[in-house]
Amino acid sequence: MTETANSGAQRQTWTSNRGFILAAIGSAVGLGNIWRFPGVAYDSGGGAFLIPYLIALVTAGLPILFLDYSIGQRFRGAAPLALRRLTKRAEVIGWFQTMLLFIISVYYAAVIAWALSYFYFSFGNKWGSDTTAFFLSDYLHATDEAGVSTDLVAGVAWPLAAVWVLIIVILALGIANGVEKVNVIGIPLLILGFGALVIRAVTLPGATDGLNALFTPDWGALTDLNVWIAAYSQIFFSMSIAFGIMIAYSSFQRRRANMTSSGLVVGFANSSFEILAGIGVFSALGFLANQQGVGVGELEGLTGPILSFVTFPAVISEMPGSVLFGVLFFGSLVIAGFTSLVSLVVGVSIAVQEKFGLSQRTAAVTVGVVSAVVSFSLFATTTGLWTLDTVDQYANNVGVVLSAIVMTVSVVWVARKGDLLRRHLNAISTFKLGRWWLVLIGIVGPIFLTVMLVQKVIDLISDGYEGYPDWYLNVFGWGTVGLAVVGAILFTVASWGGRDDKDFQAWPSDEFLEGQKR
Ligand code: PHE
């Protein structure tokens, strides 16, 4: 029997619930946990940040994760197909999410390529003593200013090519043989490697200074709206929610699967990893400050690419017998990033496969090649760093928040399917959702997210971002959001090629769920 993408019946599945959980953790735990969380927490109130962070986890993170799960698992498709089955007009939301995935995947791959190079450099501390100059000039050959260049940087292009080839192979192998295997191998390896790194880090001289810097609460931060915004964005990016990925991943779950309990495991694992990364990274920074005889607060570059590729190499250079430390750090970055990248590209590839009725292989190769070409031309060049920073800012602070608002409001208020999805989850899961879940995804979430989005848009319009020129922000910042909207519309109006969806049967049936009291 051919694997027709649209039929729920012969849809491929994970080999076990454990496979699904590992893959979902693999998607969630990524660059966001290692290079984003520690810096964001430090900037946003240190120890006090944990309060908005945990509130964001409970009020938006887990509830929207459950929503993604229920949509994918019930309607058995990547975001466009699943949302279309929920209610026809929602297909466009699925494509908007798919466009965001595509946009994120093309730069995310570049960061993994850098990490791969640095993994190799760790064997000889190749970055020398001036790690800033090494990263910007020797490695990236970055231009002084943001701009557009077509000069490829060989040092980035080669590992980037390796990343894309591997991605295409894994996707072509399919969900159980490709995606699941990578995670079943990768996640335990990551936990061991990163665990060892954290243990080493906390025993370094000066580690406690770093931990004090990270965890000493600045309670005043709690009254700052931006701190709350930072907490919610971190939760979204980190848990990979409202991007359509979790919809696609749960569409490969069996019909009977304990969804909410798995979600709790995934959410807990992701946040634990995040806090662990904060502990490891800040212990190491405490050590660096200690060696340089300065306070941790006086160190520069405590977040983003600079933290991983400039500050961390400086830490490593200060350590005796540092090869292992560097190898563990960059190795962890590669694995964590790679398993997330797999999920990003899966989300796009399955969406395209279902819409155009392609085979899994054709979809994997087509999507992989197109993504790779864009990835090379924008991010393996001498202006890659600047473009990456800009695209990342807008895709994550504007794009995904918009996606979350539109999705929750459409499902709960327009299509009125919130309670159906709640009963669906309750019918198959052991952790039951009460009506409070509808309140969170239908009222609390959308209100808070809207406030946050408006504030962010006002900030970006009035202050720009990182001092980049206006034209640059218009093209690569707002242009990114615009591209996602236009792409979403074009993919939605494209025809499903006559494949009709009439034989799709949701299970358990709507009638059955109607009769369920809980
Ligand atoms: N959650 C991943 C991380 O923390 C990144 C990611 C975002 C993956 C969105 C998929 C979708 O790095």
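Visitor: By class, what makes up the lining of the largest pocket?

Guide: This is a predicted model. In it, the lining of the largest pocket has 17 nonpolar, 10 polar and 9 charged residues. The pocket has a volume of about 1,100 Å³ and is lined by 36 residues.

Visitor: Which residues lie nearest the centre of the largest pocket, and what makes Asp and Glu count as charged?

Guide: Thr303, Asp389, Gln393, Tyr465 and Glu466 lie nearest the centre. The charged class consists of Asp, Glu, Lys and Arg, so Asp389 and Glu466 count as charged.

Visitor: Which helix supplies the largest share of the lining of the largest pocket?

Guide: Helix H16 does, with 8 residues. H2, H5, H10, H13, H16 and H18 each supply at least two residues of this lining.

Visitor: What makes a space a cavity rather than a pocket?

Guide: A 1.4 Å probe fits in a cavity but cannot get out, whereas a pocket is open. The search of the whole structure finds 5 cavities of 30 Å³ or more. The largest cavity has a volume of about 140 Å³. Of the 16 residues that line it, the closest to its centre are Ser27, Tyr108, Phe237, Ser240 and Leu344.

Visitor: How do the residues of the lining of the largest cavity divide by class?

Guide: They divide into 8 nonpolar, 8 polar and no charged. Helices H1, H2, H5, H10 and H14 each supply at least two residues of this lining.

Visitor: Which residues of H3 and H18 meet?

Guide: Among them are Val58, Phe66 and Leu67 in H3, and Trp437 and Leu449 in H18. The residues of this contact divide into 9 nonpolar, 2 polar and no charged.

Visitor: At what angle do H1 and H12 pack?

Guide: H1 and helix H12 (residues 259–292) pack at an angle of about 35°, with their axes 9 Å apart. Their crossing is right-handed. The contact includes Phe20 and Ile25 of H1 and Val265 and Asn270 of H12. Its residues divide into 9 nonpolar, 3 polar and no charged.

Technical notes: Residues are numbered from 1 along each chain as its sequence is written. This is a predicted model: local features need pLDDT of at least 70, side-chain atom pairs count only at pLDDT 80 or more; totals for chains, interfaces and linings use all residues. Side-chain values use heavy atoms; hydrogens and water are left out. On a 1 Å grid over the protein atoms alone, a cavity is a set of points where a 1.4 Å probe fits but cannot get out, and a pocket is an open set with protein on both sides within 12 Å along at least five of seven lines; lining residues have an atom within 4 Å of a point. Grid points are joined across faces, edges and corners, and a volume is the space filled by probe spheres set on the points. Helices (H or I, at least four residues) and strands (E, at least two) are DSSP runs, numbered from the N terminus. Contact means heavy atoms within 4.5 Å. Axes are lines fitted to C-alpha atoms, for helices over the stretch in contact, and angles run from 0 to 180 degrees between N-to-C directions. A crossing is left-handed if the near helix is turned anticlockwise from the far one by less than a right angle, and right-handed if clockwise.
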